Amino acid sequence: MKQTIFFTLVRASALVITLALGGIILYIFLNGFSVISWDFITKPPTDSMTKGGIMPAILGTVYLTFGAVAVGLPLGIASAIYLTEYARQRRVIRLIRVGINCLAGVPSVVFGLFGLGFFVIYLELGSSILSGSLTLGFLILPTIIGASEEALKAVPQTFREASLSLGVTKWQTTYRIVLPNALPGILTGSILGIGRAAGETAPIMFTAAAYFTAKLPGSVFDEVMALPYHIYVLATAGTNIEATRPIQFGTVLVLVAVVLGIDLIAIVIRGYMRRNKRW
Amino acid sequence: MNVIRKLIFGFCMLYFAAGVSAAADSIVIKGSTTVLPVAQGTLEAFMKANPGVQMSLSGGGSGEGIKALIDKTADIATSSREIKPKEIELAKSKGVHPVAHIVAYDAIIPVVHPKNKVKNLTVDQLGQIYQGNITNWKELGGDDLKIVVISRDSSSGTFESWDHFVMKKAKVTPKAQMLASNGALVTAVAKNKYAIAYLGIGYLNKSVKPLQVNGITASIQTAMSKEYPFSRELYMYTNGEPQNAVAKYLAFVKSTQGQKVVAKEGFVPLTEVQKVGKKGKK
Amino acid sequence: MDKKSVWGEKRLMTRKTKEIFMKYIFFLFSLVSVVVLGLIVYSLFREGLPLFTVVSVKDFLFGMEWYPTYEPPSFGIFPLMVGSLIVTLMATLIAVPLGVMAAIYISEIAPQRVKEILKSVIELLAGLPSVVLGFFGMVIVAPWLQETFDLPTGLNIFNASIILAIMAIPTISSISEDALYAVPREFKEASYALGATKFETIVQVIVPAALSGISTAVMLGMARAIGETMVVLMVAGGSAAIPESLFDSVRPMPASIAAEMGETPYGSAHYQALFAIGMVLFFLTLAFNLIADYVSHKFKQTGSATL
C-alpha cells in the first residue's frame with residue numbers, strides 16, 4: 001500500500017515537471033505564434049517598437065553568441081586538454097579544478113558586474129559586442145571545459161598508446177588523434193553552453209545591450225540589441241508595454257525556439273553518437 | 001580539423017576588420033524612460049534624413065543617462081530632471097562638462113485604476129499616501145480598499161521630480177513597489193484596482209485614470225502655463241557644446257519637425273504647435 | 001650538444017622543444033579559469049571595499065533601510081538579504097521534493113523509453129533562458145495570482161518561489177539522479193535478496209546511500225536560486241522591506257544590483273554599495289558550492305569493493 005502511494009507521488013512529480021515545461025512552451029507558442037512572420041524575423045522595429053520586426057535583436061544575439069564561442073571554445077578546449085592529457089601534479093590540478101567549479105557557481109549578475117568593471121570601464125572597451133562577448137565567453141567557460149574533458153576522456157587510451165608507440169609525439173597525438181575523435185563530443189556538450197550564452201540577460205545588460213539601435217552594428221565596438229534583453233526591456237521599461245505585448249511574446253517564442261532548438265539538436269546528436277560509437 | 005581552424009581564424013579576422021573600420025559618426029543616447037518616446041520618435045525621423053549616422057538608444061532612467069555621460073559611455077543623456085550638483089562635480093572631476101538642452105515639457109500626473117472613485121487629491125494627501133501614512137482608499141472618499149503604492153526606482157528622473165514636488169525629501173514607504181519605467185507603471189495600474197502611481201503626460205492612455213491635483217487637471221495648456229503644479233522640463237545633456245552629428249540631432253529635436261514628434265508622443269512641445277497626436281489628447 | 005636533425009643540420013625547434021612549448025601553452029590556457037575567478041574577486045573587492053569607509057560593515061549587513069539615492073543615503077541590505085533568503089528557501093521547499101522524486105522515478109522506476117524522454121525534458125527545462133521564465137512569471141502567473149487571490153500585486157514571494165523552483169529543479173534532479181545511479185548494484189541486489197520490496201529498497205537502502213549526492217544536489221540548487229537575477233528582477237516585486245506575508249513583494253540582492261547598476265556613476269558610493277552586494281552574493285554562492293563540494297567528497301560512497 002505504501003508502495004503504491006509512493007510510486008504515485010513519484011510518477012506525479014515527473015508528470016508535474018513535464019507539464020510545467022509543456023505548459024510554458026505551449027503558452028508561449030500560442031501567444032507568440034500570431035506575430036511570427038517572415039517580416040518579423042527580417043525587419044527592424046518601427047513606430048516605437050509597436051510594429052515591425054526584431055531582426056536587429058536576432059542579429060545582435062547571433063554576434064554575441066559567436067563572440068562568446070570564439071572566446072570560450074578555444075580557451076575551454078585548451079584547458080581541458082591540459083587537464084586530461086598533460087597535467088601530472090595533483091596540487092595544480094586541484095587548484096585549477098577549484099577555480100573552474102567556483103567560476104561555474106558565480107551568479108550571472110556578478111559576471112555582469114565583472115564585465116562592467118573590467119572590460120567596459122577598466123579596459124575601456126565600452127559597452128560593445130566585444131565586452132559582451134568576453135563576459136559571456138567566460139560565463140560559459142566552465143561548461144565547455146566540462147564537456148571537453150568528458151569528451152577527451154571518452155577517447156580510448158589505446159588510441160593514445162598506439163600512437164605513441166609508433167613514435168608520434170604527445171602533441172601530435174593530441175592534435176591529430178585524440179582531438180578529432182573528441183571533437184563531436186566537445187561540440188555537442190558545448191552546445192548547452194552556447195544556448196546559455198544566447199539566452200543570458202544579466203551579463204549583457206551593462207556590457208553590450210541597447211534598447212534600440214537605429215542601424216545594424218558596424219564594428220565590434222558598437223552596442224547591439226539582443227533577444228533576451230529585448231524581452232526584458234519591452235516587458236518592463238518600454239514606452240508602450242501593452243501594445244508591444246504580442247511582440248514580446250513573439251520575441252520570447254523566437255528565443256525559446258532558437259535555444260531549445262539548439263539544445264534538442266545536441267541531445268539528439270548525443271543520443272545518436274552514444275548508440276553508434278565506433279569503439 | 002584544419003577546416004575548423006580556418007573558420008575560427010576567419011571569424012577572428014572579420015571581427016578585427018570590423019573593429020578597425022569603426023563607424024565614423026555614431027550617437028549613443030541613454031537615459032530617461034520619460035524622454036524615451038521623444039528620443040525614439042525623433043531618432044527614427046532623424047535617421048530617415050541622415051542614414052549615415054549610427055545611433056543607439058537605451059532607457060533605464062535619468063540617473064543612468066547622466067551616469068553614462070559622466071562615464072563617457074554616451075553622447076547624449078536624456079533626463080527628466082535637472083542634473084544634480086553632486087553629479088556636476090563628479091562630471092567635472094572626470095573632465096566632462098554637462099550642457100543642458102531643454103527639448104520638451106512634461107507634466108507628472110498621479111493615476112489610478114479606472115474603477116477607482118477618487119478624482120482629486122491634494123499635494124499633501126499624495127505625500128501622505130506615498131509615505132505610507134494613508135493606507136486605505138476610503139480615507140480619501142473611495143472604496144474600502146488597501147492602497148498599493150507604486151513608484152519608480154531610484155534611477156528615475158520622474159521619481160526625483162515626484163520627490164521634488166510631493167515628497168520633499170520624505171522617504172517613500174519601503175512597501176512601495178519600485179518599477180523600472182513609466183511604461184511599467186501604466187501596466188501595473190491598469191491591472192490593479194488598488195494601485196496609485198505617477199507618470200509623465202506622454203504615457204497617459206485610456207487604461208488608467210488621471211487624477212486632478214489641487215483641483216487642476218493636467219493638460220498641455222496647464223502644463224505650459226505652469227498652472228498645473230507638477231510641470232517640469234525634459235532635458236538632453238551633452239558633454240560640452242554639441243559637435244557634428246550630435247549637434248545636428250539636437251537641432252533637429254528642437255526644430256518644428258522635432259517638436260511635432262514631441263506633440264505626437266503626447267508631451268508638451270517647446271512652443272505652441274498645433275498638432276494633436278494619437279496619444280495625449282486632453 | 002647541438003640539436004641535429006636527421007640530415008645533420010642544426011635545428012632550434014626540435015620535436016622535444018615543441019612538446020615542452022605546447023605543454024606550457026596549454027598550462028597557461030588552463031589557468032584562465034583561475035585567473036578570471038581571481039579577477040572577479042579582485043574587481044568585486046576593488047570596487048566594493050571602499051564603501052566601508054563610508055558605512056560600517058555592521059550597518060551595511062544589518063541596516064534595515066535601503067535608500068541609496070537619498071541625501072544622506074542609507075545602505076542597509078538586511079531587507080535585501082531577507083528577501084533573497086526567503087525566496088530561496090521557498091523555492092527549495094518546492095523544488096527538492098519534486099526534483100528528488102523525479103530523480104528517483106528516472107533512475108529506479110521508469111521504463112527505458114520514458115527515462116530518456118524525461119531526461120530530455122529536464123535538460124530542456126534547464127535550457128530555458130531565465131528571462132523567459134521571468135517573463136512568464138510576470139505576464140502570466142502574476143495576473144492570475146492577482147485575480148485568484150485578490151492580491152494587491154501578483155509580483156511577490158510566492159510567484160518568485162514557483163519560478164525559481166522551476167529553474168532549480170533540473171539542477172537538483174540531474175545531480176540527484178547521478179547520485180542514485182552511482183549507488184552500487186550490490187546494495188540493491190542484497191536488499192532484494194533479503195526479501196525487501198522495491199519501495200523498501202528505494203527508501204531504506206538506495207536513497208540513504210545516495211544521500212550525500214542528493215544533499216549536494218540540493219545545495220547546488222539553492223546556490224542557483226540565490227544567484228538568479230532576471231527572475232527575481234521581473235517577478236519578486238522590488239520593494240525593499242521585510243515581508244510580512246508570502247504574498248508581499250521583496251527585493252532580493254541580485255535584483256537590486258541589476259535594477260540599480262545602470263544609474264550609478266562609476267565610483268559613487270551607490271556604485272560601491274552595489275559591488276559590495278555583489279561581494280556578499282559571491283561569497284554566499286561560494287559557500288554553498290564549497291559545502292556541496294565538501295559534502296560530496298567527504299561522504300562519497302566508496303565502491304562496492306569495500307563491502
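Where is A:L227 found? I located A:L227 in helix α10 (residues 227-236) of chain A; helices (H or I, at least four residues) and strands (E, at least two) are DSSP runs, numbered from the N terminus.

**Conventions.** I note that this is a predicted model, in which local features need pLDDT of at least 70, side-chain atom pairs count only at pLDDT 80 or more, and totals for chains, interfaces and linings use all residues. Residues are numbered from 1 along each chain as its sequence is written, while chains are lettered from A and ligands numbered from 1 in the order in which they are written.

**Entry on A:L227.** I find A:L227 buried, because 30 other C-beta atoms lie within 10 Å. The cut-offs are 20 or more other C-beta atoms within 10 Å of a residue's own for buried, 12 or fewer for exposed, and in between for partly exposed, with C-beta atoms placed from the backbone. I then looked up its contacts, a contact being two residues whose C-beta atoms, placed from the backbone, lie within 7 Å. Leaving aside neighbours within four places in sequence, A:L227 touches A:A57, A:I58, A:T61, A:T251, A:V254 and A:L255. The C-alpha atoms of A:L227 and A:V256 are 9.9 Å apart, although 29 residues separate the two along the chain.

**Entry on chain A.** I list 11 helices and 3 strands for chain A, in the order α-α-β-β-α-α-α-α-α-α-α-β-α-α along the sequence. Its C-alpha trace spans about 70 × 65 × 35 Å along the principal axes. Of the 279 residues of chain A, 56% count as buried. Among its contacts between residues at least 6 apart in sequence, 75% join residues at least 24 apart.

**Entry on a helix pair in chain A.** Two packed helices are described by the angle between their axes and the distance between the axes. The crossing of α3(A) and α6(A) is right-handed; a crossing is left-handed if the near helix is turned anticlockwise from the far one by less than a right angle, and right-handed if clockwise. The contact of α3(A) with α6(A) has 19 nonpolar, 9 polar and 2 charged residues, where Ala, Val, Leu, Ile, Met, Phe, Trp, Tyr, Cys and Pro count as nonpolar, Asp, Glu, Lys and Arg as charged, and the others, Gly among them, as polar.

**Entry on strand β8 of chain B.** Chain B comes to 10 helices and 11 strands, and 51% of its 282 residues count as buried. How many of the residues of strand β8 (residues 195-200) of chain B are buried? I count 6 of the 6, so the strand is largely enclosed by the rest of the structure. In a regular strand the side chains alternate between the two faces of the sheet. In β8(B), B:A195, B:A197 and B:L199 are buried on one side and B:I196, B:Y198 and B:G200 on the other. Strand β4 (residues 98-112) of chain B runs antiparallel to β8(B), joined by 5 bridges; strands pair if DSSP finds at least two bridges between them. B:V111 stands opposite B:A197. Strand β6 (residues 148-152) of chain B pairs with β8(B) in the parallel sense over 2 bridges, and B:V149 stands opposite B:I196.

**Entry on positive phi.** I found A:E124, which is not a glycine, with a positive phi near 55°. A:E124 is in the loop between α5 (108-122) and α6 of chain A and is exposed, with 10 other C-beta atoms within 10 Å.

**Entry on the interface and confidence.** I find 69 residues of chain C in contact with 70 residues of chain A. Helix α2 (residues 32-48) of chain C gives the largest share of the chain C side, 10 residues. That side divides into 48 nonpolar, 13 polar and 8 charged residues. The predictor gives the complex an ipTM of 0.87 and a pTM of 0.84. The mean pLDDT (the predictor's confidence in each residue, from 0 to 100) of chain C is 85.
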